[in-house]
There are 2 protein chains.
Amino acid sequence: MTNDRRVRDIGEFGLIERLSAALPAQVRDGGGLEVGIGDDAAVWQPVAGERVVVTTDSLIENVHFRLDWTDWASLGHKMLAVNISDLAAMGADPKLAFVTLGLRGDERIDDLESLYRGLGALARQHGMIVAGGDVVRSPRAVAFQVTALGNSRRGRVLTRSGANAGDLIGVTGTLGASAAGLRLLALNPTDLRRQAATADRLIEAHLKPEPRVALGTVLLEHGATSAMDLSDGLLGDLPKILSASRVSGRIDERRIPVAAAVRALFADEWIGLAMRGGEDYELLFTAPPGAKAAIERAVQGAGGTATFIGDIVPMESNRPTIEIMGLDNRLRTELPGAFDHFGPAES
Amino acid sequence: MTNDRRVRDIGEFGLIERLSAALPAQVRDGGGLEVGIGDDAAVWQPVAGERVVVTTDSLIENVHFRLDWTDWASLGHKMLAVNISDLAAMGADPKLAFVTLGLRGDERIDDLESLYRGLGALARQHGMIVAGGDVVRSPRAVAFQVTALGNSRRGRVLTRSGANAGDLIGVTGTLGASAAGLRLLALNPTDLRRQAATADRLIEAHLKPEPRVALGTVLLEHGATSAMDLSDGLLGDLPKILSASRVSGRIDERRIPVAAAVRALFADEWIGLAMRGGEDYELLFTAPPGAKAAIERAVQGAGGTATFIGDIVPMESNRPTIEIMGLDNRLRTELPGAFDHFGPAES
């Protein structure tokens, strides 16, 4: 019986496909929409040359955060940061934020003021305005939702669909710190205290990610062909660029940038945290080999780092593959199955 | 101890004030933002003359809807309609919608496709594009959130703050039908069947409100000085225009437009439903007396009705009041306390 299928039977990506198909064709495209469903953000040209970039992201209690693991100011920072990160991945400048708070009603005012101070400090850092929003009663769980608007007058934006065979694959910063921080948060306090020297920075990477706005602009200006922000882990997100660009990829695990603290604390697992751990909010991008030196220099000039970890190759069948040179110097091939928030179980 | 105060102690509007004050001043204003927190929608001029209008609204299961009272297509219609209605109240043209679905995972795919068909049909009717969104796991309750973008090239938008002493107060359509429909939905099926002849239309007014986009444009073009959409009832929403405009109001209950079906089915309560019932999604507006005839004619030309139900007077103290000429031909004065989704208990 196909008509009794449930969300968790077909998963997040199957659902999005079905829902998009349920819309009339006129509602899916047109009206100055340049980039729609399926990229980090939508791009709209209300008038020719003026690009408005829009993204939205939600954080639900006990799904995306635990109130006993985060302080409220960090949570305010993070709810805005994950949206700014989507704008950064398009090479757009963040401008406005709209905040919806779903509250039970028994939250402390002081805590919510801390939430807004955390959010406000990050908004100020990026020159953003908090322009409105909504407060609704949400009796069963605290939920936050932010919509962020940016703009770009650079003639184009960075999408997921521009990667070409021959391009190099790069990432900013280091990978795995956020996933390592999450593991540390799950430890009991005694175990955690034993690791305190390095733990704090990793926990902060998880609770207070820094969106890479300046680096997104640099990548756009120095010839990157595609970009996205890393929220579902390298092996969860790279397939999205590969699918959108209809290409395959090769990754060299030996070149993945991983912080010394992650390697030290997770001797057996660090490469897994870096390859599959989520919420790094670093930028994953592609660029032609000729742009490599200029990108490295410009990213460094903006206070960041860029590391090239693989390259783009033509797609052999009708599905992208990822060929991985492992730490053990052996080649293996992954058939990407993106991380799905509902399932179905990966095969 | 003030530092243990909770959301329900200070209520929705007290909270919004405190949170806004917790933001750095630079984050609350500037950057081309023309209208910010506190109106139906925010208005942003990314370039001079180009106004982008943004609004966001959420529907939470068992707070804003009950899945046993609505069909999914109507729910899809309504979640977009309440956002379009905010754009209509600004006199803006709806352009883009972004949809966030918070799902448990056990929802039927067929139902969600119906949701999108309902939403898609309304989007098509208004020439809107569904440009993106987000699907998140929300284990405790189904929650929907829509952000809508519109634009306006009419040189201005309709805000809540433009009402002047001497203006007339008007509403489009009739009031109370949605609240009447909600009452009917709460009846048991046998009682409901007895009223079936007129009940259907009232229930539809509640489940599938029609946003007044064409009327908002007409009001803007024919000299209205302020407007908002009626979601919290006339006596809940009029104070928002009065406060924003720093004026008081007078309303004549005998002139409130109420559908015959509402009067017939709710003999004792119809005026209460019309004055305090929410979710009509009609437009409440002010206009100088000289614009009355032109507005009536133009609204009629656009297929609607406009009724003038009172006028604006100077504010006597530092808080707006509403003087009401009752159905009983007696004057009474209301000190507005807007409907609050969290409390505190009204005094």
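Chain A of this predicted model is divided into domain 1, covering residues 31-152, and domain 2, covering residues 168-334. The C-alpha centres of these two domains of chain A lie 23 Å apart. Chain B can be superposed on chain A by a rotation of 180° with 0.0 Å of shift along the axis, at an RMSD of 0.0 Å, and the two copies are thus related as by a two-fold rotation axis.

**Domains of chain A**

- The contact between the domains of chain A brings together 18 residues of domain 1 and 19 residues of domain 2.
- On the domain 1 side of this contact, helix 3 of chain A (residues 72-89) gives the largest share, with 10 residues.
- By class, the residues with which domain 1 of chain A touches domain 2 are eight nonpolar, seven polar and three charged.

**Overall form of chain A**

- The secondary structure of chain A consists of 12 helices and 13 strands, and the C-alpha trace spans about 55 × 55 × 55 Å along its principal axes.
- Chain A has a radius of gyration of 20 Å, which agrees with the value near 20 Å that a compact globule of 347 residues would have.
- Of the 347 residues in chain A, 52% are buried.
- When contacts in chain A are limited to residues at least 6 apart in sequence, 83% of them join residues at least 24 apart.

**Contact between chains A and B**

- The contact between the chains takes 77 residues from chain A and 76 residues from chain B.
- Two or more residues on the chain B side come from each of several elements, including helix 1 (7-22), helix 4 (109-125), strand 3 (50-60), strand 4 (93-103), strand 5 (129-137) and strand 6 (143-152) of chain B.
- The side of chain B that touches chain A is made up of 37 nonpolar, 18 polar and 21 charged residues.
- Because 100% of the interface residues of chain B are also interface residues in chain A, the copies meet through the same surface.
- As for the axis that relates chain B to chain A by a rotation of 180°, the C-alpha of chain B nearest to this axis is that of R140(B), at 2.9 Å from it.

**Helix 9 of chain A**

- Helix 9 of chain A, residues 234-245, has 12 residues and reaches 16 Å from its first C-alpha to its last, which is close to the 16 Å expected at 1.5 Å a residue.
- Nine of the 12 residues of helix 9 of chain A are buried, so this helix is largely enclosed by the rest of the structure.
- Among the buried residues of helix 9 of chain A are L234(A), L235(A), L238(A), P239(A), I241(A) and L242(A), and the list also includes D237(A), K240(A) and S245(A).
- The cover over these buried residues includes strand 8 (226-229), strand 9 (247-252), strand 10 (283-287), strand 12 (322-325) and strand 13 (331-334), together with helix 11 (270-276), of chain A.
- R246(A), which follows helix 9 of chain A, has a positive phi near 55°.

**Individual residues of chain B**

- M90(B) lies in the loop between helix 3 (72-89) and strand 4 of chain B, and M90(B) is buried, with 28 other C-beta atoms within 10 Å.
- M90(B) and V157(B) are 67 residues apart in sequence, yet their C-alpha atoms are 5.3 Å apart in space.
- With neighbours within four places in sequence left aside, M90(B) is in contact with D40(B), A41(B), V53(B), V157(B), L158(B) and G216(B).
- R246(B), in the loop between helix 9 (234-245) and strand 9 (247-252) of chain B, is not a glycine but has a positive phi of about 55°, and R246(B) is partly exposed, with 14 other C-beta atoms within 10 Å.
- E279(B), found in the loop between helix 11 (270-276) and strand 10 (283-287) of chain B, is a residue other than glycine with a positive phi, near 65°, and E279(B) counts as buried, with 23 C-beta neighbours inside 10 Å.

Conventions
Residues numbered from 1 in each chain as written. Chains lettered and ligands numbered in written order. Predicted model: local features only at pLDDT ≥ 70, side-chain atom pairs only at ≥ 80, totals over all residues. Domains from an automatic or database assignment. Contact = placed C-beta atoms within 7 Å. Helix = DSSP H or I, 4+ residues; strand = E, 2+ residues; numbered from the N terminus. Nonpolar A, V, L, I, M, F, W, Y, C, P; charged D, E, K, R; others polar. Rg over C-alpha atoms; globule rule 2.2 N^0.38 Å. Buried ≥ 20, exposed ≤ 12 C-beta atoms within 10 Å, placed from the backbone. Least-squares fit on C-alpha atoms with pLDDT ≥ 70 in both. Expected span 1.5 Å × (residues − 1).
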